[in-house]
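Hi there,

Here is the structure I promised to pass on. My notes on it follow below.

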Amino acid sequence: MKQLLTVLAGQPNCGKSTIFNMLTGARQHVANYPGVTVEKKSGVFVESDVRVDLVDLPGTYSLASWSPEEKAARQFIVEENPDQIVAVLDASTLEKSLYLCLQLMEMQRPTLAALNMLDVAAKRKVDVDADALARALGIPVVRVQASKGVGKADLRAAIALGKGVAGDGAPVNYGPLEGSIRRISALLPADGVQGYPARWLAVKLLEDDSLALDILSRLDNAVSIAESVAGEREAFLRDQNEDAVRAIAHARYARAREIASLCSRREAFVSSMTEKVDAVLCHRLLGPLILVAVLFVFYHASVTLGNYMAAQIWPLWGKLEVLAATLLPAQGFLEDPLLTSLGVWVVKSITAVLNYLPIFVIMFALVAILEDSGYMARIAFVLDRVFHRFGLHGQSTLPLILGGVYVGGCAIPGVIATRAIPDERARLATILIVPMMNCLAKVPLYLLLVGAFFSAHAGYAMFFIGTVTLLMGLVMAKLLSMTLLRGKPRAPFIIELPIYHMPSVTGVVRQTFDRIWMFVRKIGSVVVAVAIIVFMLVSFPGLPAERMAHYQREQQSMEDEFGAAVAKTSHADRLSAEDIVPLLLYQESLREAKRGVSQEEADTINARALKEHPVYAAVALRQGKDGKDLAGALRKIDSRRKTLRREMRQEIFENSFLGRAGKALEGVTAGAGFTWRINVALLSALAAKENSAATLGAIYGLDGTSVGEGMAALSGFTPLHALALMLFMALYPPCLPAAIMVKTQAASTGWMLFSILFQMSIGLAVATLVFSGGMWLGLTGFEAMWVFYGLCLLVLLALALVPQRDEFSPPVLRTKITPQ
């Protein structure tokens with residue numbers, strides 16, 4: 001039986017994998033290409049007594065050597081020398097697909113084309129003439145609709161019969177560069193080098209392709225050829241005022257556009273409407289301004305409406321806390337049972353985060369709308385104009401968005417997404433700044449501080465923290481690219497801009513629900529687990545014996561005082577000191593039962609209480625002289641008890657293992673205005689950043705005190721303190737799972753440790769600058785917020801003017817590909 005090795009090649013989302021599944025069915029095998037983590041899928045089918053071994057190459061936009069996918073695809077074609085290549089073309093975006101197809105043909109391997117996505121093309125009013133396309137390319141073209149199995153027999157037959165055509169390897173005329181290509185080709189062996197055709201290698205050398213340079217280095221006359229290539233590049237730049245890299249890319253696109261226009265027809269309405277909108281949204285000046293306006297509306301709507309909804313829902317969380325307290329063992333006078341203390345701590349840690357669920361719902365819904373409408377891709381296109389000045393790449397946009405450039409992402413998928421960035425320097429820079437974005441775990445702390453200290457300017461404050469993180473990230477990326485990452489290779493930016501369309505309600509709801517569910521699951525696992533650990537660390541080893549004796553004496557004094565008050569009433573034989581806590585809890589439960597009911601219903605509840613618990617109800621409802629006297633005495637004792645419980649708890653915190661660590665760090669964090677209690681919350685956030693808000697809620701929000709009031713009373717917190725803490729959290733080191741992902745994607749433990757120490761140092765420096773500088777200048781928190789914002793903009797603008805000086809830095813090519 002004859003055997004043929006065939007590869008499927010195509011750009012992402014062209015239906016290549018669907019064709020592969022159609023041809024091979026279940027006879028597939030998945031592995032990795034040697035030396036990389038790129039997935040390799042292979043399969044087999046038999047047609048007309050011919051066994052076809054089919055390999056699905058990774059989706060790639062070109063055959064350059066920038067990304068692992070491009071390297072893997074090109075290396076397989078050369079080293080495995082397949083019998084033919086099947087170039088998968090997307091009929092709905094033909095021009096984009098032809099860009100890769102032309103490069104495949106330049107490798108002079110037998111090639112045929114599979115024209116796929118015909119159904120999508122029909123919906124977009126695009127009609128492609130397959131015969132005209134075959135004539136223009138000089139290779140066979142088979143029409144298929146893989147999603148429905150249409151064209152399966154024709155494609156299998158064409159592959160089995162080996163109908164691929166090699167051609168002359170010159171499907172593109174590079175115009176003024178053709179002379180340089182001929183001269184360089186003449187210096188190379190006529191039959192090519194290691195399977196690479198001479199003309200193809202000459203083009204790649206003019207592109208300054210790193211793998212082509214590596215291949216060249218194996219020739220005896222490599223130095224002289226490299227000097228000739230450099231001379232040709234310099235002469236072309238001097239004569240044409242254009243870099244060879246751009247000229248080659250533009251020539252390929254021009255040829256792809258020419259073929260697409262000859263072989264396809266389309267109704268112009270949809271695309272022209274998209275292009276008209278893009279003329280405004282992607283404009284060099286208007287685009288960034290519109291983007292800033294969109295972000296401002298995004299944050300203002302999320303926070304304003306979200307805070308209103310959170311206020312309406314908050315009683316529900318309060319009832320949850322009350323329910324938990326009733327299900328747990330009863331409180332003690334000063335000390336609660338361990339199970340009760342732990343249960344209340346965990347529930348308050350959870351509700352401190354759940355309180356902001358309405359804001360997250362609105363944020364996630366708006367993000368889904370931006371994604372489904374097609375505007376998200378435009379954001380990447382607009383931001384690339386900024387990003388490339390700071391050592392980043394247009395494809396850094398997705399990792400930053402996933403990481404939380406909008407507020408509400410996660411650093412873990414953000415870091416994972418950097419693997420798609422072909423630019424090594426930009427990839428490392430993006431990995432290091434993704435954890436600086438506003439991941440979902442940081443948002444509860446932001447909302448807590450904004451609600452407590454910037455409530456009058458909540459929308460502005462959230463806009464500030466949502467955008468200043470990007471400004472600081474760009475500054476850090478520029479500094480890293482100019483120092484540690486200097487000399488790393490660069491790569492061009494290519495992106496497809498989809499047609500605008502109305503987001504579907506179903507899609508938006510589904511995406512919003514999925515993200516909210518992920519958030520709730522994280523609360524149910526990470527937050528609860530860390531809350532338990534933090535509780536143990538802030539509760540032990542407890543108070544010294546002499547301090548416990550002091551509090552016990554105070555307790556005895558209050559019990560004696562209550563006993564004396566009871567002795568003067570008719571309830572002397574029915575109440576004692578042991579009834580103090582049950583009486584207080586009964587009062588609270590009675591108050592909760594009457595919350596939000598009518599006066600008639602309240603009277604009914606009171607009457608039932610007097611009948612069922614006459615003594616307790618008489619005191620709680622201040623019935624008669626004895627009831628009023630005991631209620632007054634109980635109110636005084638309750639006030640003193642709460643004060644003593646708060647003082648005792650704070651002493652326990654301060655003497656605990658985590659409290660001692662927090663106090664040890666006070667000398668380091670004092671310049672930023674952080675007390676040991678804040679340090680405790682920040683230490684708990686090392687495992688997961690949600691714990692910062694949860695721990696602050698548990699430390700400051702007990703006994704009915706709001707977190708903001710507790711922070712102001714116990715730590716003297718002001719809006720300036722809050723601003724410094726927000727900025728420190730923005731630059732806080734990645735959580736442990738994210739740090740591990742940094743190690744994986746950067747393939748280096750060193751980069752992981754650097755990211756932790758670097759962000760910790762920068763965060764502390766920024767927080768100290770803002771707090772100490774604000775105190776010195778006499779600024780309020782809100783004033784300091786915008787002074788710092790202006791400073792960031794000035795630094796950013798200054799760095800944008802500093803040119804990149806690289807050992808290898810081809811111009812970044814930002815290509816906007818509109819649909820056919």
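**A lysine in a loop**

The side chain of Lys-442 comes to 2.9 Å from the backbone oxygen of Pro-435, a polar contact (a pair of N or O atoms within 3.5 Å; within protein, one must be able to donate a hydrogen and the other to accept it, and residues adjacent in sequence count only if both atoms are side-chain atoms). Before going on, a word on the source: this is a predicted model, where local features need pLDDT of at least 70 and side-chain atom pairs count only at pLDDT 80 or more, while totals for chains, interfaces and linings use all residues. Residues are numbered from 1 along each chain as its sequence is written, and side-chain values use heavy atoms, with hydrogens and water left out.

Back to Lys-442: a polar atom of its side chain also lies 2.7 Å from the backbone oxygen of Ala-730. Where is Lys-442 found? The residue sits in the loop between helix H19 (424-433) and helix H20 (443-453); helices (H or I, at least four residues) and strands (E, at least two) are DSSP runs, numbered from the N terminus. Lys-442 is buried at 0% relative accessibility, where buried means under 20% relative accessible area, exposed over 50% and partly exposed in between (1.4 Å probe, protein chains only). Neighbours within four places in sequence aside, Lys-442 is in contact (heavy atoms within 4.5 Å) with Pro-435, Met-436, Met-437, Lys-689, Met-729 and Ala-730.

**Salt bridges**

Side chains of opposite charge can pair when their charged atoms come close. How many salt bridges does the structure hold? There are 24, each one a side-chain nitrogen of Lys or Arg within 4 Å of a carboxyl oxygen of Asp or Glu.

- Asp-56 and Lys-16 pair at 2.6 Å, N to O. Asp-56 belongs to strand E4 (residues 50-56) and Lys-16 to helix H1 (residues 16-24), so this bridge ties together parts 40 residues apart in sequence. Asp-56 is buried, at 5% relative accessible area, and Lys-16 is buried too, at 7%.
- Arg-255 and Glu-258 pair at 3.2 Å, N to O. These two are 3 residues apart in helix H11 (residues 244-263), and are therefore separated by about one helical turn. Arg-255 is partly exposed at 21% relative accessibility, and Glu-258 is partly exposed at 40%.
- Arg-645 and Asp-336 pair at 2.9 Å, N to O. Arg-645 is in helix H27 and Asp-336 in the loop between helix H13 (286-327) and helix H14 (338-354), so the bridge links distant parts of the chain, 309 residues apart. Arg-645 is buried at 10% relative accessibility, and Asp-336 is partly exposed at 23%.

**Two packed helices**

Helix H23 (residues 545-567) packs against helix H27 (residues 624-655) at an angle of about 175°, with their axes 10 Å apart. The axes are lines fitted to C-alpha atoms, for helices over the stretch in contact, and angles run from 0 to 180 degrees between N-to-C directions. H23 and H27 are therefore roughly antiparallel (over 145 degrees; under 35 counts as roughly parallel, 65 to 115 as roughly perpendicular and the rest as oblique). On the H23 side the contact includes Tyr-551, Met-558 and Phe-562, and on the H27 side Leu-634, Ile-637 and Leu-644.

**The start of the chain**

In H1, the buried residues are Lys-16, Ile-19, Phe-20, Met-22, Leu-23 and Thr-24. Gly-25 follows H1, with a positive phi near 65°.

Best wishes
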